[in-house]
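Please read these notes with the sequence and the structure open beside you. Each numbered point takes up one topic.

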Amino acid sequence: MKLIITGTTGMVGEGVLLTCLAMPEITSILSVSRRPVGITHPKLSELLVSDFVQLQPGDPRLQGGQVVMLATPQMSLDAAAALARAQGVAAHVLSDEIEGESRVVGQVHAALARSVARRGEPFARPCVILSG
C-alpha cells in the first residue's frame, strides 16, 4: 500500500509517519510538506511545496496513493474543543502552529495545567488546554 501523508513535520503528523513506516503492509510513503521531515527511510520520499494550492487534481506526483485520513491540525483541535465543550468543559486552543520536541511542549502544557489548578489562571477550572 502506498500512502500520501501531509503534516509530517508537525508533532502529530510525525507520529503518524513513524507508525506507518513501521507497518510492513505499507510499501511506500510520500510526505507532502513545506519543509523536509528530517527522517531517512527506504519507504519514504518527499514532495516539498511552498504552497499547497500548487497541487492540482491529476498531479502525476500524487498518483497511486491511498487516502486514509484527511484533516488539518486546526480541524483536529476544533473537533477536540467542540467535544470538550459539549461535555460542559471550557476548551482553550493555544495554536495549531506549536512545534518543538514533544517532551518540552508537554512540560509547557504541564506548567499551564499547574497554574490553572493552583490559581485558576490563565484559564478558569475546569478546562482543557489544546495545541498542535
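What does the accessible surface of the protein chain come to, and what percentage of it belongs to carbon and sulfur atoms?

1. **Surface.** The accessible surface of the protein chain comes to about 8400 Å², and 59% of this belongs to carbon and sulfur atoms. Accessible areas are from the Shrake-Rupley method with a 1.4 Å probe, and for residues only the protein chains shown count as cover.

2. **Basis of the notes.** This is a predicted model, in which local features need pLDDT of at least 70 and side-chain atom pairs count only at pLDDT 80 or more, while totals for chains, interfaces and linings use all residues. Residues are numbered from 1 along each chain as its sequence is written, and side-chain values use heavy atoms, with hydrogens and water left out.

3. **Order of elements.** The protein chain has 3 helices and 5 strands. Read from the N terminus on, the order is β-α-β-β-α-β-α-β. Helices (H or I, at least four residues) and strands (E, at least two) are DSSP runs, numbered from the N terminus.

4. **Overall dimensions.** The radius of gyration of the protein chain is 18 Å, whereas a compact globule of 132 residues would have one near 14 Å. This radius is taken over C-alpha atoms, and the globule rule is 2.2 Å times the number of residues to the power 0.38. Along the principal axes, the C-alpha trace of the protein chain spans about 55 × 30 × 30 Å.

5. **Burial and contacts over the whole chain.** Of the 132 residues in the protein chain, 25% are buried. Buried means under 20% relative accessible area, exposed means over 50%, and partly exposed lies in between (1.4 Å probe, protein chains only). Among contacts with a separation of 6 or more, 44% are between residues 24 or more positions apart. Contact means heavy atoms within 4.5 Å.

6. **Charges.** The protein chain has 11 positive and 11 negative charges, and their mean positions are 8 Å apart. Lys and Arg count as positive and Asp and Glu as negative, while His and the chain ends are not counted. The place of a charge is taken as NZ of Lys, CZ of Arg, CG of Asp or CD of Glu.

7. Is Ser33 buried or exposed? Ser33 counts as buried because its relative accessibility is 3%. Ser28 has a relative accessible area of 23%, so this residue is partly exposed.

8. **What the two serines touch.** Leaving aside neighbours within four places in sequence, Ser33 is in contact with Thr8, Thr9, Leu47, Leu48, Val49 and Phe52. The side chain of Ser33 also reaches the backbone oxygen of Arg35 at 2.8 Å. With neighbours within four places again left aside, Ser28 is in contact with Met1, Lys2, Leu3 and Lys43.

9. Ala84 is buried because its relative accessibility is 12%. Gln74, at 28%, is therefore partly exposed. Not counting residues up to four places away in sequence, Gln74 touches Val93 and Asp96, and on that basis Ala84 is in contact with Val89, Ala91 and Val128. The side chains of Gln74 and Asp78 make a polar contact at 2.8 Å. A polar contact is a pair of N or O atoms within 3.5 Å; within protein, one must be able to donate a hydrogen and the other to accept it, and residues adjacent in sequence count only if both atoms are side-chain atoms.

10. His109 lies in helix H3, residues 102-119. A relative accessible area of 19% is why His109 counts as buried. Not counting residues up to four places away in sequence, His109 touches Leu94, Ile129, Leu130 and Ser131. The loop between H3 and strand S5 (127-130) holds Pro122, and Pro126 lies in that loop as well. The peptide bond from Glu121 to Pro122 is cis, with omega near 0 degrees. The bond from Arg125 to Pro126 is also cis, with omega near -15 degrees.
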